[in-house]
Amino acid sequence: SPKEPKVLEVFDVSLWKWSDTDLITQMQDIYKELWYLENTSWKYDNETVSAVYDFQIEYEIVSSEYEQWAWSYGPKTRGKLKGIYVSYLEEKEKQEEQAKEEKEKAEEQKKDEEKQNETSKFKKGLNWFFFGDTNPQ
């Protein structure tokens with residue numbers, strides 16, 4: 001089942017220049033995680049405006065900078081961002097789970113190899129004990 005993002009509040013309100021800095025930071029953190037923004041600044045600054053606009057253009061929320069909601073973190077942008085972010089988190093969780101399984105599998109394989117190596121050494125030791133040096137060099 002899809003996990004809801006931890007910062008739901010940022011998807012429920014429109015943001016602009018004088019918005020609450022915590023909400024702006026939450027929005028910036030999401031855009032940063034999705035590679036639209038390099039830094040968070042706690043301000044709805046030019047870099048944030050550009051990130052919002054780039055996202056809007058990519059997902060065809062607006063088609064030009066002259067549209068009414070261009071550059072603005074409004075309802076359509078919030079809704080689309082929430083959907084993209086939820087999908088991103090699900091995919092990220094899936095990849096982390098796969099990586100964990102692969103790591104566990106590799107560790108198990110290593111243990112099996114070590115066990116086989118120890119068994120082989122033990123058998124050689126038994127051969128030596130009962131039959132003498134079976135592999136003279």
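Glu 91 and Lys 94 both sit in helix H3, three residues apart, about one turn of the helix. They form a salt bridge, with the closest N and O atoms 3.8 Å apart. The model is predicted. Glu 91 has a relative accessible area of 38%, so it is partly exposed.

Side chains of opposite charge can pair when their charged atoms come close. The structure holds two salt bridges. The pair of Glu 91 and Lys 94 is one of them.

How accessible is Glu 33, buried or exposed or in between? Its relative accessibility is 25%, so Glu 33 counts as partly exposed. Lys 92 is partly exposed as well, because its relative accessible area is 31%. The range for this class runs between 20% and 50%.

## H1 against H3

Two packed helices are described by the angle between their axes and the distance between the axes. Helix H1 spans residues 21-33, and helix H3 spans residues 75-131. They pack at an angle of about 55°, and their axes are 11 Å apart. H1 is therefore oblique to H3. The crossing of H1 past H3 is left-handed.

Which residues meet here? H1 supplies Ile 30, Tyr 31 and Glu 33. H3 supplies Thr 77, Leu 81, Tyr 85, Tyr 88, Leu 89 and Lys 92. By class, the residues of this contact of H1 with H3 are six nonpolar, one polar and two charged.

## H1 against H2

The axes of H1 and H2 come within 11 Å. They cross at roughly 55°. That makes H1 oblique to H2. This crossing, too, is left-handed.

From H1, Met 27, Gln 28 and Tyr 31 take part. They meet Thr 48, Ala 51, Val 52 and Phe 55 in H2. The contact of H1 with H2 has five nonpolar residues, two polar residues and no charged residues.

## Thr 48 in H2

Thr 48 lies in helix H2, which covers residues 46-58. Is Thr 48 buried or exposed? Its relative accessibility is 1%, so Thr 48 counts as buried; the cut-off is under 20%.

What does Thr 48 touch? Leaving aside its neighbours within four places in sequence, Thr 48 is in contact with Met 27, Gln 28, Leu 37 and Lys 43.

## H2 against H3

H2 and H3 pack at an angle of about 80°. Their axes are 11 Å apart. H2 is therefore roughly perpendicular to H3.

On the H2 side, the contact residues are Val 52, Phe 55 and Gln 56. On the H3 side, they are Thr 77, Lys 80, Leu 81 and Ile 84. The contact of H2 with H3 divides into four nonpolar, two polar and one charged.

## Asp 54 in H2

Asp 54 is another residue of helix H2. At 42% relative accessibility, Asp 54 is counted as partly exposed. Asp 54 and Ala 70 are 16 residues apart in sequence. Their C-alpha atoms are 9.7 Å apart in space.

Phe 130 is placed in helix H3. Its relative accessibility is 57%, so Phe 130 counts as exposed; the cut-off is over 50%. Along the chain, Phe 130 and Ala 99 are 31 residues apart. Their C-alpha atoms are separated by 46 Å.

Gly 132 lies in the segment after H3. With 24% relative accessibility, Gly 132 counts as partly exposed. Gly 132 and Val 10 are 122 residues apart in sequence. From C-alpha to C-alpha, they are 76 Å apart in space.

Notes:
Residues are numbered from 1 along each chain as its sequence is written. This is a predicted model: local features need pLDDT of at least 70, side-chain atom pairs count only at pLDDT 80 or more; totals for chains, interfaces and linings use all residues. Side-chain values use heavy atoms; hydrogens and water are left out. Axes are lines fitted to C-alpha atoms, for helices over the stretch in contact, and angles run from 0 to 180 degrees between N-to-C directions. Helices (H or I, at least four residues) and strands (E, at least two) are DSSP runs, numbered from the N terminus. Angles under 35 degrees count as roughly parallel, over 145 as roughly antiparallel, 65 to 115 as roughly perpendicular and the rest as oblique. A crossing is left-handed if the near helix is turned anticlockwise from the far one by less than a right angle, and right-handed if clockwise. Contact means heavy atoms within 4.5 Å. Ala, Val, Leu, Ile, Met, Phe, Trp, Tyr, Cys and Pro count as nonpolar, Asp, Glu, Lys and Arg as charged, and the others, Gly among them, as polar. Buried means under 20% relative accessible area, exposed over 50%, partly exposed in between (1.4 Å probe, protein chains only). A salt bridge is a side-chain nitrogen of Lys or Arg within 4 Å of a carboxyl oxygen of Asp or Glu.
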